[in-house]
Amino acid sequence: MNEPRSKAAHDIVNRGLLIPYAVPYFAYVGIASFIASFGGGWLNEEVGYVLKILVVPGLMLWAWKWYVPVFGPKDRMESVWAGIAVGVIGLLVWLLLMAPFIDIVGEPWEPVPFFLRMFSATLIVPVFEEYFIRGYFLRAAYQWDMNRKTMSAKEALLRTLDEDNIKTVPPGAWSVAAVAISTIAFTVGHLPAEWPAAIAYSLLMTALWVVRKDLLSCMVAHATTNLMLALYCYFTGDWGFW
C-alpha cells in the first residue's frame, strides 16, 4: 500500500510540488496579514496565533507525502546536537546583526500572545520554513543551476519545473547560485530591519545542510534559535528583537 503512494509522490515534477511546499508558509503569513489588516475586538493577535497553530500543521500533514526526507545519511542524534550548537551560534548572529537597525527596548508583549508566538516559532515555523527554503528552493535552484550548464537559463527553468523532481538532489548538494537564490527567498520573508541578520542566518543554515546533509539539523537549529530568542527577550526586556 505504501509503495505506490511513495512512487506517485516521487514522480510529481517541481511545478506541482511548489504548492504543498508553499501553502503552509503563505498560510502562516496570510493569517498574520489578515489579523493586522482587519483584526479588532475578538479577532485579535491571540486568535491569529491559535489559527496558525491549528491551520498550518494541518496543511503540512496534508502535504507530508510530497515532502523530501527530514533525515539524511548521517547519525540522527549527531544532527540534533549539531543543530542545537549551530542554533546557539545563530542566536548570537541574529542579535548582533539586527541590533543596529532596531529600537532594542521595543514594546513588551502580553503573556498570552507571547507564549503562543513562542510555541509556533519553536515548533511550527522551523518545520515549514526549512521545508520551503532548503527543502524546495535550494534544491530546485540547484537543479536549475545544473541544467543551465547545457542549455539557456529559460530552457533550464522550464526543465527544472516541468521535468525534474527535487527528491533526486543528493543530500548536501549546493552551488553558489542555489545558495544565493535560497538566501534571497529566506530574506524577503523578513522585515527590512532583519535582512542583514536573515542573510547571515540563511547562509548558516545552508552550511549546516551541506555539512550534515539533512533537514533535521536545520530544523533543530532554527527551533533552538527561535526558542532562545524568545527566552532572551522575555528575561532581558529587549523586546525589539521580538
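**View 1. The second largest pocket of this predicted model has a volume of about 190 Å³.** A pocket here is an open set of points on a 1 Å grid over the protein atoms alone, where a 1.4 Å probe fits, with protein on both sides within 12 Å along at least five of seven lines; lining residues have an atom within 4 Å of a point. A volume is the space filled by probe spheres set on the points, which are joined across faces, edges and corners. Look for R15, L18, Y136, F137, A140, A141, W144, L157, T160, L161 and I181 around this pocket. Helix α6 gives the most to the lining, with five residues. By type, the lining holds nine nonpolar residues, one polar and one charged. Ala, Val, Leu, Ile, Met, Phe, Trp, Tyr, Cys and Pro count as nonpolar, Asp, Glu, Lys and Arg as charged, and the others, Gly among them, as polar.

Two notes on reading these views: residues are numbered from 1 along each chain as its sequence is written, and side-chain values use heavy atoms, with hydrogens and water left out. As the model is predicted, local features need pLDDT of at least 70 and side-chain atom pairs count only at pLDDT 80 or more, while totals for chains, interfaces and linings use all residues.

**View 2. Helix α6 has a kink of about 25 degrees, centred on Y131.** The bend at a residue is the angle between axes fitted to the seven residues ending there and the seven starting there. Helices are DSSP runs (H or I, at least four residues), numbered from the N terminus. Of the 23 residues of α6, 21 are buried, that is, under 20% relative accessible area with a 1.4 Å probe and protein chains only; exposed means over 50%, and partly exposed lies in between.

**View 3. R15 and D162 form a salt bridge, with their closest N and O atoms 2.6 Å apart.** The two partners, R15 in helix α2 and D162 in helix α7, are 147 residues apart in the chain. A salt bridge is a side-chain nitrogen of Lys or Arg within 4 Å of a carboxyl oxygen of Asp or Glu. R15 counts as partly exposed because its relative accessibility is 42%, and D162 is likewise partly exposed at 38%.

**View 4. D145 and R148 meet in a salt bridge of 2.7 Å, N to O.** Here D145 is buried, at 8% relative accessibility, whereas R148 is partly exposed, at 39%.

**View 5. The largest pocket has a volume of about 950 Å³.** Y28, R117, G189, H190 and E194 are the closest to its centre among the 32 lining residues.

Notes. Helix = DSSP H or I, 4+ residues; strand = E, 2+ residues; numbered from the N terminus.
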